[in-house]
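Below are some notes on the model, as numbered points. Please read them with the structure open.

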Amino acid sequence: MNREDNELITRIGPGSAAGAVLRQYWQPAALVDELDGPRPVRPVTLLGESLVLFRDEQGRYGLVDRRCSHRGADLCYGRLENGGLRCPFHGWLFDVDGHCLEQPAEPEGSTLHERIRHRAYPCVERGGIIFAYLGEGEPPAFPDFDCFRAPDSHTFAFKGQWDCNWLQALEIGIDPAHASYLHRFFEDEDPRDSYGKQFRASAADTAIPLTQVLRDYARPEIRTEPTGYGLRIVTTRRLPQEQTHYRITNLVFPNAIAIPMSGDMTITQWHVPIDDTHCFWYSIFTSFDAPVDRAKMRAQRLERHTLPDYRPTAGRDNDWGYSPDEQATQTYTGMGMDINVHDQWAVESQGAIQDRTIEHLGRTDVAIIANRRLLRAAIQAAQQSAALPFRTPLAAPDSGPVAVDAIGGSELGEACWRALDAQRRDGAPWWAGVRA
Ligand code: FES
Ligand SMILES: [Fe+2]
């Protein structure tokens, strides 16, 4: 890839080509949890724009320009009152739609406020996340994924910051080969201790820990299939006795993935640019079985993140916790048992924006190649003001998207993972209503 193309597909600020694409889809702006407390006002930097998110007295969300339209003071320090957010400098009051409701220092009868339109973006709350639409024109219909169909009791949302460009963060999620190496554990944990953790449960409904499948069958076949939301990524590993392991993961264009976490949970994860060189991952964990133990899942993740910024405690400053002893005896990375840290090291160590002019892609990078093709086609469409793909809702269950680990006879192919997905859906307490 040449330098210009790398810039084209990675930079996301206002006016950028890839930024114009990302702005045409709903993007996570904050966790609902971040607005807990007596004063629901938070600074948000999203796609290189400095914004402030607030919830007004009627419970409506506003995501507006952080600089006051009057003379640019910081609205994060605003007063939440009288139907909006009021700038403490001269009292201008803005509502969630960007209307300027009051300018109390202007002369009685002044109509200046009617001509002010403060920048504001529509927001919706779904699955524990506040999503915003930063694009031109009408937002697309909100997607109907499993993580949004399942009730609150069966989902849990969390996020974390990575210090790198969003695209390399996304690309690790559509790279099924790395799990056999980066996330290799030399010993398998008891799968019964796996709650809330990825890759630790048993593979499909066998007694084999998934960590063992990944470790012992480390040369997967990977192919992609076009879908109505992006790409389905089918990864097969041939096991002994004519058995095959299928791992079904997905690219949800333009910047999300949907993957299995364990037998009964999936992860839908967005990689959202803060600016060109920082991003947040936002995940919704969705249970097809029992209600989610939110307190436990949040506590597990807060052990390794600091609030209010959701920064990981591991990072470049402390070598991501690297220990050569551990690397020799316990894990492939030497960076502990949390696979999130492994992923974080992989993408942050690629540099602030991965230099794709020096990479060499192989067969295992098929999904990365396919996604870059989709992204470049979408950039071209956006530049020509043509319609962008994947903005139309799909029918269930393909809109799930289906994300499973399954084991079956080699002759079964797609029927194997389809059957496991159907079985899991039929067992999900919230699925009957969707199907009807
Ligand atoms: S700068 Fe905000 S009201 Fe004057
Ligand atoms: Fe990973």
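1. Strand E17 and strand E18 (residues 278-287) pair in the antiparallel sense, with ten bridges between them. Val272 has Phe280 in E18 as its bridge partner, and two residues separate the two strands in a hairpin. Strands (E, at least two residues) and helices (H or I, at least four) are DSSP runs, numbered from the N terminus; two strands pair if DSSP finds at least two bridges between them.

2. This is a predicted model, in which local features need pLDDT of at least 70 and side-chain atom pairs count only at pLDDT 80 or more, while totals for chains, interfaces and linings use all residues. Residues are numbered from 1 along each chain as its sequence is written, and chains are lettered from A and ligands numbered from 1 in the order in which they are written.

3. E17 (residues 265-275) also pairs with strand E16 (residues 256-262), antiparallel, through six bridges. Ser262 is opposite Met265 in E17, and E16 and E17 form a hairpin with two residues between them. Nine of the eleven residues of E17 are buried, so the rest of the structure largely encloses this strand. Here a residue is buried if 20 or more other C-beta atoms lie within 10 Å of its own, exposed if 12 or fewer, and partly exposed in between, with C-beta atoms placed from the backbone.

4. Why is helix H8 (residues 339-348) described as largely enclosed by the rest of the structure? Seven of its ten residues are buried: Val341, His342, Asp343, Gln344, Trp345, Ala346 and Val347. These pack against strand E12 (155-162), helix H4 (166-173) and strand E20 (311-312). Contact means that the C-beta atoms of two residues, placed from the backbone, lie within 7 Å.

5. Helix H10 (residues 414-427) has 14 residues and spans 20 Å from its first C-alpha to its last, close to the 20 Å expected at 1.5 Å a residue; the expected span is 1.5 Å times one less than the number of residues. Its buried residues are Cys416, Trp417, Leu420, Asp421 and Arg424. Seen down the axis of H10, they fall within an arc of 125°, so they line one face of the helix. The arc is that of the directions from the helix axis to the C-beta atoms. Strand E15 (243-252) and strand E21 (405-409) are among the elements covering the buried residues of H10. Glu414, Ala415 and Asp426, on the other side of H10, are exposed.

6. Three strands make an open sheet in the order E1-E11-E10, with antiparallel pairing. Strand E1 (27-31) and strand E10 (123-126) are at the edges with a single partner strand each, so one side of each has no neighbour in the sheet. E10 is joined to strand E11 (residues 129-132) by four bridges, and Cys123 has Ala132 in E11 as its bridge partner.

7. Arg126 lies in strand E10. Is Arg126 buried, exposed or partly exposed? It has 18 C-beta neighbours inside 10 Å and therefore counts as partly exposed. Not counting residues up to four places away in sequence, Arg126 touches Phe131, Phe142 and Phe148. Arg126 and Ile284 are 158 residues apart in sequence, yet 10.0 Å apart in space, C-alpha to C-alpha.

8. Another open sheet has four strands in the order E2-E3-E4-E9, paired antiparallel. Its edge strands, E2 (41-46) and E9 (120-121), each pair on one side only. Strand E3 (residues 49-55) and strand E4 (residues 61-65) are joined by five bridges, and Val52 is opposite Val64 in E4.
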